[in-house]
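These notebook entries record what I looked up in one structure, in the order in which I looked it up.

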Amino acid sequence: MDKAFREKAEEFVSRLPYKQSPYGNRNWGHPWHSLCSYHGKLKPAIAHWLIYEFTSESDVVLDPLCGVGTIPFEACLQGRIGIGNDLSELAYVVTKAKLEKPNYSGAQKVICQLDEYIKKNKNLRSITEYEDFGFNGKLPQYFECETYKEILCARDFFLNRLPSVSAEEAMVFSALLHVLHGNRPYALSRRSHPLTPYAPTGDFEYKSVIDKIVQKVNRSYAKLGQIEVTQGSAIYGNYRDLTEKSIKADFVICSPPFADSIRFYMQNWMRLWLCGWEPKDYKEADEKFLDKSQEKNFDLYYSFFEMCHDVLNDNGKIILHLGKTKNIDMGVELSKRAEPWFDIVYFAGEDVSTIEKHGIKDKGVTVEHQYLFLQKK
């Protein structure tokens, strides 16, 4: 066992550097971490310090369940090669925009193509499309009718390109995903919430899809700054398939869905719809995604750890950020499933039973954030 790795792990958990100023501030981090709002995103400061403390420049850092790419993007910001994989189209698109260095002029060309598509097809769309679909409210209720027609056109435009979107297309799509709903003037919707699309209120007001995308894209590039970002890569698919991708990584750093977590696809339902989900997909998602399927049995993590063992280089390491509830000790459960392939180097936790975030009391049942450090046998 790597003694230095264990000592670093012990020191990290005892100090929790991401809680210290300025890292403890809610909005700390590179602006592109906020490229698109996403319920359940890992705090960038945690990702920053895990990369900084445990990896070295040029290391390949893989997150097989990357969400919107917080961990691999932090790796790229620090001179590592970040690779992010996710089964959610929404997560994949935003991760690709962050990791694959989209060119600004290329993004402008995509916006022009989208503008032409909307102008050509807008009058063919109907505000009755998806009139019976929605969870906090029916979909057309969120938008002024002309805005809604433009959104329907934009959805078709990008779905014709998924999953083989370019980095520039991913950037423009991410901008659209971000402005889709919210409670500020940037949003296309009536007044709602930027993370979870609660039932809308307020007047119906026309808002140009293209104008809002242009504003978001321009703001994003203006905030990019002069920081050199390493080229990474985004992968769309099941983590089990990563063994077939010819990937070799030095570290797997990952924050799997917490035990008893809120369904990510219900909190992100409207953005997932924009990424192509149809009403039937929400009914089938419990069997497809980890956040609910793991509640039946944590044995699915045997395949996760086997995959990690296959893609990691000799002496490769895993760091997992986990969630413990009053009823489920996720760290203990995953430690058992890791043992055939990995040595348990260190395991400890942080009390988060009183946490509050984004002005909303955490509705989950997580009482402890856990850190599990593993080394390949």
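**Entry 1: cover of α2.** How many of the residues of α2 are buried? I worked from a predicted model, and in it I counted 10 of the 11 residues of α2 as buried, so I noted the helix as mostly covered, with under 20% relative accessible area as the cut-off for buried. The buried residues are Pro 44, Ala 45, Ile 46, Ala 47, His 48, Trp 49, Leu 50, Ile 51, Glu 53 and Phe 54. I then asked what covers the buried residues of α2. Among the covering elements I found the helices α1 (3-15) and α3 (70-77). The strands β1 (60-63), β4 (249-254), β5 (312-325) and β9 (366-376) are also included in that cover.

**Entry 2: α2 against α3.** I took up α3 next. Two packed helices are described by the angle between their axes and the distance between the axes. For α2 and α3, I recorded axes that come within 9 Å and cross at roughly 50 degrees. The two helices are therefore oblique to each other. The crossing in which α2 passes α3 is right-handed. On the α2 side, the residues that meet α3 are Pro 44, Ala 47, His 48 and Ile 51. Their counterparts in α3 are Thr 70, Ile 71, Glu 74 and Ala 75.

**Entry 3: aromatic rings.** An α-helix has 3.6 residues a turn, so residues three or four places apart point the same way. Trp 49 has 10% relative accessibility and therefore counts as buried.

**Entry 4: charges over rings.** Which residue lies over the face of Trp 49? I found Arg 15 there, at 5.7 Å from the ring centre. I noted a further case in Arg 190, which lies over the face of Phe 204 at 4.2 Å from the ring centre.

**Entry 5: Asn 268.** Lastly I looked up a loop residue. Asn 268 lies in the loop between α9 (264-267) and α10 (269-274). Is Asn 268 buried or exposed? Its relative accessibility is 2%, so I counted Asn 268 as buried. Leaving aside neighbours within four places in sequence, I listed Tyr 38, His 39, Leu 90 and Leu 195 as the contacts of Asn 268.

Methods. Residues are numbered from 1 along each chain as its sequence is written. This is a predicted model: local features need pLDDT of at least 70, side-chain atom pairs count only at pLDDT 80 or more; totals for chains, interfaces and linings use all residues. Side-chain values use heavy atoms; hydrogens and water are left out. Buried means under 20% relative accessible area, exposed over 50%, partly exposed in between (1.4 Å probe, protein chains only). A charge sits over a ring if NZ of Lys or CZ of Arg is within 6 Å of the ring centre and within 35 degrees of the ring normal. Helices (H or I, at least four residues) and strands (E, at least two) are DSSP runs, numbered from the N terminus. Contact means heavy atoms within 4.5 Å. Axes are lines fitted to C-alpha atoms, for helices over the stretch in contact, and angles run from 0 to 180 degrees between N-to-C directions. Angles under 35 degrees count as roughly parallel, over 145 as roughly antiparallel, 65 to 115 as roughly perpendicular and the rest as oblique. A crossing is left-handed if the near helix is turned anticlockwise from the far one by less than a right angle, and right-handed if clockwise.
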